[in-house]
Amino acid sequence: MADNESLRWKIGRRKKLLHTPIYDVLSQHETAPNGVEGDYIAIKAPDWAIVIPETEKDFLMVKQFRHSEGDVTVEFPGGVVDPGEKPEDAAARELREETGCEAEIVALGALNPNPALFTNRVHVFLAKDPHRVGDLSLDPDELLNFFPVPKAEVIAGMGSAPYVNALMGTALFLWMRAKEMY
């Protein structure tokens, strides 16, 4: 196997092609170790946090409309890590906002959602024995319901509607690995 430095491209000038409220699209001029050069696209987004609220038999899941999918999906709670916020604090905040619950937060792992395109990480956490402490606190454009779903149903359904979010499948794998279920 080749060492990393013989594979690592050098990133030169960057140009912002598009700014949105959620991410920036960049053009990056890059040079390979063998001298090949090219312009590549990178999506600069903030980190995200996914939290898996687990009771003895169920996961607490959220159901919401996803604009790009054009349909309602069922997912673990989660969202953007705010500037200056620690990922574990974002997970606790998202759990509280989307379910009204608090819990002990345990890190399960962090991955790049798609290293060919994205610059960020998605941080996955377990929320042990969530307990209700208040009402939901949603953004004005955030419409969702939360409810318990048997763990077996989520595992069996992942990869088919309404469990179509690939990051939720990744989060579920990290949970299964932590539980030594693979």
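Colleague: Why is Trp-175 called buried in this structure?

Modeller: The model is a predicted one, and in it Trp-175 has a relative accessible area of 3%; since buried means under 20%, Trp-175 falls in that class.

Colleague: How many aromatic pairs does a search of the whole structure find, and what makes the pair of Trp-48 and Phe-118 edge-to-face?

Modeller: The search finds 4 aromatic pairs. For Trp-48 and Phe-118 the ring centres are 5.7 Å apart and the planes stand at 65°; centres within 6.5 Å make a pair and planes over 60 degrees apart count as edge-to-face, so this pair is given that name. Because Trp-48 belongs to strand β4 and Phe-118 to the loop between β8 and β9, the pair ties together parts that are 70 residues apart in sequence.

Colleague: Why does Trp-48 count as buried, while Phe-118 is called partly exposed?

Modeller: The relative accessibility of Trp-48 is 19%, whereas that of Phe-118 is 23%. With the limit for buried set at under 20% and that for exposed at over 50%, Trp-48 is therefore buried and Phe-118 is partly exposed.

Colleague: What makes the pair of Phe-59 and Trp-175 edge-to-face?

Modeller: The centres of these two rings lie 4.9 Å apart, with the planes at 80°, so the pair is edge-to-face. It links distant parts of the chain, with Phe-59 in strand β5 and Trp-175 in helix α3, 116 residues apart. Phe-59 has 0% relative accessibility and hence counts as buried, and one aromatic cluster is formed by Phe-59, Phe-76 and Trp-175.

Colleague: Which residues have the most contacts inside the largest nonpolar core?

Modeller: They are Ile-52, Phe-59, Met-61, Phe-76, Val-154 and Trp-175, in a core of 21 residues. Two or more residues come from each of β4, β5, β9 and α3, and α3 provides the largest share, 6 residues.

Colleague: Where is Thr-20 placed, and why is it called buried?

Modeller: Thr-20 lies in the loop between β1 and β2. Its relative accessible area is 17%, and buried means under 20%, so Thr-20 is classed as buried. The side chain of Thr-20 has a polar atom 3.1 Å from the backbone nitrogen of Ile-22, and it reaches the backbone oxygen of Tyr-23 at 2.8 Å; polar contacts are pairs of N or O atoms within 3.5 Å.

Definitions and conventions. Residues numbered from 1 in each chain as written. Heavy atoms only, no water. Phe/Tyr/Trp six-rings, centres within 6.5 Å; stacked < 30°, edge-to-face > 60°. Helix = DSSP H or I, 4+ residues; strand = E, 2+ residues; numbered from the N terminus. Buried < 20%, exposed > 50% of the residue type's maximum accessible area, 1.4 Å probe, protein only. Polar contact = N/O pair within 3.5 Å; in protein donor to acceptor, adjacent residues only side chain to side chain. Core = buried A, V, L, I, M, F, W, Y, C linked by side-chain atoms within 4.5 Å.
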